[in-house]
Every structure is written in structure tokens, then in C-alpha cells.
Amino acid sequence: MISDFSFGRIVANGQTCSNDIKIVEGTMISDWWRKSGHTVEIEDLKDALDTELEILVIGKGQPGYMKVTDSLRDLLAEKNVTLIEEPTPKAIETFNRLYKEGRRVAGGFHVGC
């Protein structure tokens with residue numbers, strides 16, 4: 001669960017991070033670096049894609065600069081995984097709600113631009 005967020009700072013599972021994070025099967029992975037910066041590719045979420053994932057929530061940063069590649073979109077569609085892309089504050093709300101509902105949800109959250 002994500003308990004707090006402000007530009008450049010996120011608190012998840014009781015840990016404070018100043019870099020992007022992802023959450024897979026309830027475990028936070030801090031310092032989530034992507035192959036291409038503001039682009040999310042298949043390789044960036046391989047661990048999440050290897051689970052029984054139902055929903056992927058992407059926090060695109062406050063203004064929404066981070067983007068998902070078409071190849072990742074296609075793979076998610078093949079696997080019947082719902083993709084939700086929102087500015088990070090809204091994505092956190094969505095992720096927390098889905099997690100509390102017991103959904104099989106993973107998330108990647110950009111804490112900056």
C-alpha cells in the first residue's frame with residue numbers, strides 16, 4: 001500500500017523513496033529504472049508480467065510524461081490484463097483501492113515529472 005506521495009517522494013509499505021517504484025505481488029521494488037527513461041517497455045515490467053496479473057496501474061508522473069509502449073499494450077491485451085494509466089496521485093488512489101479489493105494488481109509509479 002502507498003501511504004503518502006508528494007513530488008519526488010513516495011511512501012509504500014512503510015518505506016520512503018525518492019525514486020520511482022513498482023509494486024509486484026504486494027512487494028515494493030524501489031529505484032525502478034526503465035530502459036528508456038520516460039517510456040515503459042515490456043522489459044521494465046517482466047517480473048509483474050510473470051505473475052497472475054489482472055490489472056496494471058501506471059502512475060505517469062504529475063503532469064503525465066511517462067508513456068507505455070505499443071508493444072507492452074499489445075502484450076497486456078494478449079494476456080487479458082487491464083492497463084490503467086493516470087497521473088501518479090490518481091494512480092496511487094486507484095492502485096490502493098484495487099489492492100484493498102483483493103485484485104491481482106501491480107503498479108509502476110513515476111514520482112517526478
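Q: In what sense do strand β7 and strand β10 pair, and over how many bridges?

A: Strands of a sheet pair through backbone hydrogen bonds, and the pairing is either parallel or antiparallel. In this predicted model, strand β7 (residues 55-59) and strand β10 (residues 105-109) pair in the parallel sense, over 5 bridges.

Q: Which residue in β10 is the bridge partner of Val-57?

A: The bridge partner of Val-57 in β10 is Gly-107.

Q: In what order do the strands of the open sheet stand?

A: The open sheet is formed by 5 strands, in the order β5-β4-β10-β7-β9, and the pairing is mixed. Strands β5 (27-29) and β9 (82-86) stand at the edges. Each of these two has a single partner strand, so one side of each is left without a neighbour in the sheet. From one strand to the next, the twist averages 15°.

Q: Which strands does helix α3 lie across?

A: Helix α3 (residues 88-100) lies across β4 (21-24), β7, β9 and β10. Relative to β10, helix α3 runs at about 160°.

Q: How many salt bridges does a search of the whole structure find?

A: A salt bridge is read from a side-chain nitrogen of Lys or Arg that lies within 4 Å of a carboxyl oxygen of Asp or Glu. A search of the whole structure finds 9 salt bridges. One of them joins Arg-9 to Asp-4, with the closest N and O atoms 2.7 Å apart.

Q: Where in the chain do Arg-73 and Glu-85 lie?

A: Arg-73 forms a salt bridge with Glu-85, and the closest N and O atoms are 2.8 Å apart. This pair links distant parts of the chain: Arg-73 lies in helix α2 (residues 70-78) and Glu-85 in strand β9, 12 residues apart. Arg-73 is partly exposed, with a relative accessible area of 33%, and Glu-85 is partly exposed at 25%.

Q: Which residues are linked in a network of salt bridges?

A: The network of salt bridges links Glu-54, Arg-97, Glu-101 and Arg-103. Within this group, Glu-101 forms a salt bridge with Arg-97, the closest N and O atoms being 3.5 Å apart. Glu-101 is partly exposed, with a relative accessible area of 46%, and Arg-97 counts as partly exposed at 44% relative accessibility.

How values were computed. Residues are numbered from 1 along each chain as its sequence is written. This is a predicted model: local features need pLDDT of at least 70, side-chain atom pairs count only at pLDDT 80 or more; totals for chains, interfaces and linings use all residues. Side-chain values use heavy atoms; hydrogens and water are left out. Two strands pair if DSSP finds at least two bridges between them. Helices (H or I, at least four residues) and strands (E, at least two) are DSSP runs, numbered from the N terminus. Axes are lines fitted to C-alpha atoms, for helices over the stretch in contact, and angles run from 0 to 180 degrees between N-to-C directions. Contact means heavy atoms within 4.5 Å. Buried means under 20% relative accessible area, exposed over 50%, partly exposed in between (1.4 Å probe, protein chains only).
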